[in-house]
Amino acid sequence: MSKSQSQGRRHPGQTHMSPKASSVLALVLLLGRGMLSSPPSSELLEKLFQYVDLHQDAFVQTLKEWVAIKSDSVQPVPRLRQELFRMMALAARKLRHLGAGVKSVDLGSQQMPDGQILPIPPILLAELGSDPKKPTVCFYGHLDVQPAQKADGWLTDPYTLTEVDGKLYGRGATDNKGPVLAWINAVSAFKALEQDLPVNIKFILEGMEEAGSVALKEVVKREKEHFFSNVDYIVISDNLWISQKKPALTYGTRGNCYFMVEVKCRDQDFHSGTFGGILNEPMADLVALLGSLVDSSGRILIPGIYDQMAPLTEEEKTMYENIDLDLEEYRSSSQVEKFLFDTKEDLLMHLWRYPSLSIHGVEGAFDEPGTKTVIPGRVIGKFSIRLVPHMNISEVEKQVKQHLEDVFSKRNSSNKMTVSMVLGLHPWTANISDPQYLAAKRAIKTVFGVDPDMIQDGSTIPIAKLFQTITQRSVMMLPLGAVDDGEHSQNEKINRWNYIQGSKLFAAFFLELSKQHS
């Protein structure tokens, strides 16, 4: 009803309305009409979801085109570097097609250990929207992949996306081309329906994540006061659920300290018939050293290693209890006969919130098929410790070196031992009360009909800590892939369902984030 109607006409039984009250009513009606000028979020969500469903085959086709590019950053081969540049250029075109401003950051070149010089693919910085009234969310993704070839045990060509029973097999499908495209799909749905994006969106996409994110840290530092200056939230989708069907939100990852322990008698190997029994063999010393690090129950034997751990709270215990994990299914799908722990809670805590020590290999030992009666003159053992919150890297390094020196001294060996820490990465934790975590929870409930598992990741994902430390912004990990996606492995895949529902999830997240932020 218009203002003139309300003032100029009276119906039987209508009470008199004062001019002031009439003005208030008119204002309410006007606001109501204004609010209806764009669809309510529920109606808009329905349209967005319908659009995604109707265009899912096109979205899968785009993923197929991206998977076909052999963007392997691990192997230092000029041909593959060209593929990486082609991949970044394709992504830049896709973003520009959405209307984003895209900056391609030239990173120059790097010299490899064999002396060859290879170009580094650019990092893409893209922006879509700059409304100061809206929150700004930045999505990080990578477009490089691990090496893959059919001879490794793939059932299909790893660079030809192949759908079997709703599973999309291909290198990079889940790590990380699928999630990057799901975010782009969500943006494209708003654009196609001519709907205003409820948030400002930025992208930072790199092509060297699998090779250590070469030069990324320097770019983030340089752009802290520029590209990241108006960013409120950073989202990463580069990990997996802990379930095949139930979505998750990740709020923490473990850190990592990687050690090498060298035992040396001389540079040359020995003949065991000539020298066996008359010298301290480096391999025997190394086996004793490695055997002193962890017991058969998985407990680390280095004194003081558990002293720095954050205490376990009752709230944290409850979070483990609420996680949907079928222990038997998890064991079976992992092809493991028996885990060290019999309850879901114990298993998850030892995966996520307790440190672990793993022995990775020995360099310099005979490891080829056949028999060779050799005594290695010099061997290097490799192991790492996954760190949890409150563990100090420098303190862990001291504890490890002191323990190995104590063990070695008791052997009275004439060999020389050297211990070095070659990598030290901090654990990462997020505040799950941040607006973007609350928005993501609501979006997951809207799309999947369930509350997410609140999980941590036992592995180390340095990029989360890097963004958090340098930008001082809220960082969230929002995975799309199922636990059995096989990232880095043969027959990597993403389920069509995860890919399409993930595209809807990001669209719902944009709307929820604008509400939570305001």
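The structure holds 24 salt bridges, a salt bridge being a side-chain nitrogen of Lys or Arg within 4 Å of a carboxyl oxygen of Asp or Glu. The model is predicted: local features need pLDDT of at least 70, side-chain atom pairs count only at pLDDT 80 or more, and totals for chains, interfaces and linings use all residues. Residues are numbered from 1 along each chain as its sequence is written, and side-chain values use heavy atoms, with hydrogens and water left out.

**Salt bridges**

- Arg-378 and Glu-262 meet through their side chains in a salt bridge of 2.8 Å, N to O. Because Arg-378 lies in strand E15 and Glu-262 in strand E11, the pair ties together parts that are 116 residues apart in sequence. Helices (H or I, at least four residues) and strands (E, at least two) are DSSP runs, numbered from the N terminus.
- Arg-378 is partly exposed at 34% relative accessible area, whereas Glu-262, at 18%, counts as buried. Buried means under 20% relative accessible area, exposed over 50%, and partly exposed in between, with a 1.4 Å probe and protein chains only.
- Glu-512 forms a salt bridge with Arg-442, their closest N and O atoms being 3.0 Å apart. This pair links helix H16 (residues 496-517), which holds Glu-512, to helix H14 (residues 435-448), which holds Arg-442, across 70 residues.
- Glu-512 is buried, with a relative accessible area of 6%; Arg-442 is partly exposed, at 46%.
- A network of salt bridges links Asp-57, Glu-163 and Arg-496.

**The sheet**

- Four strands form an open sheet in the order E13-E15-E11-E16, with antiparallel pairing; two strands pair if DSSP finds at least two bridges between them.
- Strands E13 (356-363) and E16 (416-425) stand at the edges with a single partner strand each, so one side of each is left without a neighbour in the sheet.
- E13 and E15 (residues 378-387) run antiparallel and are joined by 7 bridges. Ser-356 has Arg-386 in E15 as its bridge partner.

**Helix H10**

- Glu-316, Met-319 and Tyr-320 are buried in helix H10 (residues 314-322).
- The face of H10 turned away from its buried side carries the exposed residues Glu-314, Glu-315 and Asn-322.
- Strand E10 (248-253), helix H12 (344-352) and strand E18 (453-457) pack against the buried residues of H10, contact meaning heavy atoms within 4.5 Å.
- Glu-316 also forms a salt bridge with Arg-353, with the closest N and O atoms 3.0 Å apart. Both Arg-353 and Glu-316 are buried.
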